[in-house]
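Work through the two exercises below with the model open beside the text, and try each task before reading its solution.

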Amino acid sequence: MKKIVGVILLVILFLQLHSFAEDFVILNLKNNKYHKPDCEYGQKAVEFEKLTLDEAKTKYEAANCCFKANTENFGYRSSYAHSVEIVSPDFSKTKKNLTTGIKLLYNSPIEFNYKPSEVSRTPSGKVLIEELNKLKREDIYIATYGIMYQPEIIEAFVKAEKRRNKVYGVADVDINNRSSGRDTFYAMKTFGKWRTDYEVDKAIADRIASDRAKGIETEKGTYNGNLMHNKFVTLGKTKVWTGSTNLTSSGTGGLNSNLNALITSPEITYAYIKESKQMFSGKFHYLKTPYHMKNIKLDDGSIVSVYFCPNPDVVDEIVSMIDSSEKYVYVAMFFLTHDRIINALVEAKKRGVDVKVITCASASQETYSKHHKIREKSVPVKVENWTGKQHMKTIISDDKRLTVGSMNATTTAELKNDENIVFITNPAHTIEARKIFEEQWQNIPDKWLTQTPRAEGPESGNSCNDGIDNDHNGKYDRQDPKCADFDYSKVPN
């Protein structure tokens, strides 16, 4: 009889727990992650709060131990209506012996204008290696679009591991598990623990195929996967290296125009680590919680905010920045196709604001480029004719505020890709960025205000002799008919 009663009580308890688990979760107040009520890790939380599952989903991140990424049933957009603000821990003790601030790292296409290099010769490349070489017994998180021909950087990560640092990486691949960087998989085998976005991209591809079989067209053209497009490295608990520079021979090696920032701030670094961890757990693209952190004050006078994409609120922040401009807005951008951002620039021009845009020759030859339409709205747009390409993703305003990061001004970057964008309010840094833009503007001939140079051709520096397929047509240098008129007799041996 006692055994029967015991079994009945256990069944009742199980049913109650199951019902509870369907509607409620345990929020660990220490890390702001929520657990299922029967999760052993959730039950160990010292400080916790009981929330409804719906409430938790809108504000907090699910714990990986009991809420695994579900790639079987999800939509084509994030389920979040708004970005979730990251609440930073108290770092007052950490900052007692730390000076927080920002160092801008500019890779000049004017200085490095001949060929890419396997030597990490740019400021961004040199600083990354220097910072990696300082670390001992720290955690390092790297998010890379791809790695190619940068042995010094790979070696710096290998040496960092030998000093008992732990390296965790996330990288982009397509639906065929291919990387844009030929050395990405070599790096993944050589150092660190890694995760790619392959599983999520493949699940999206399967979903698209299934919908198309039903006559539902949700994705235009061929789907090759959304991008894990970040280019950042966290350096211990207090520094992060981020911006537009890829770990490639034309990025950190030097050829393309890029702008990075080395940010010394435990709060901002904490935000990047939090973003890294959710990607490392397998949550990429639509599966992620869209995070942001706002208005972190640094010792050098900077006020910093960061947004991680996909993010439903990031364009609001960009448009607000443009709308508040009174004197000038300068845009150095690889891709500029987002209608809301373009409209904000056009309206700023109408208000009498000095608006200028420098964009990439390679990007401008895509069918979806909108540089002609922007010009038609009386906004001056120069298409660069360098050997390297305009790869920056920077907006500069009024000697007050600028942006750096991986995010192009596109709806794909806003709503599909894994990206980051940093908003920096600081007059000194903004003036520095403005002078960079003005140097580039003066360097590009005025004829490219109305015309569009070919990315691979005699009009674009040494593009016919740099070993790169600049216009992505499968041919480069002498192979490309557009280089037929290039004067190879003037090329140094």
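Buried means under 20% relative accessible area, exposed over 50%, and partly exposed in between, with a 1.4 Å probe and protein chains only. This is a predicted model, in which local features need pLDDT of at least 70 and side-chain atom pairs count only at pLDDT 80 or more, while totals for chains, interfaces and linings use all residues. Residues are numbered from 1 along each chain as its sequence is written, and side-chain values use heavy atoms, with hydrogens and water left out.

**Exercise 1.** Find which cysteines a disulfide joins, and determine whether Cys 464 is buried or exposed.

*Solution.* Start with the criterion, which is a pair of cysteine sulfur atoms within 2.5 Å. A search of the whole structure finds one disulfide, and it joins Cys 464 to Cys 483 with an S to S distance of 2.1 Å. Next, the angle about the S-S bond is -85°, and the link of Cys 464 and Cys 483 is left-handed. Finally, Cys 464 counts as buried because its relative accessibility is 0%, and Cys 483 counts as buried at 3%.

**Exercise 2.** Explain why Cys 360 is too far from the closest cysteine sulfur for a bond.
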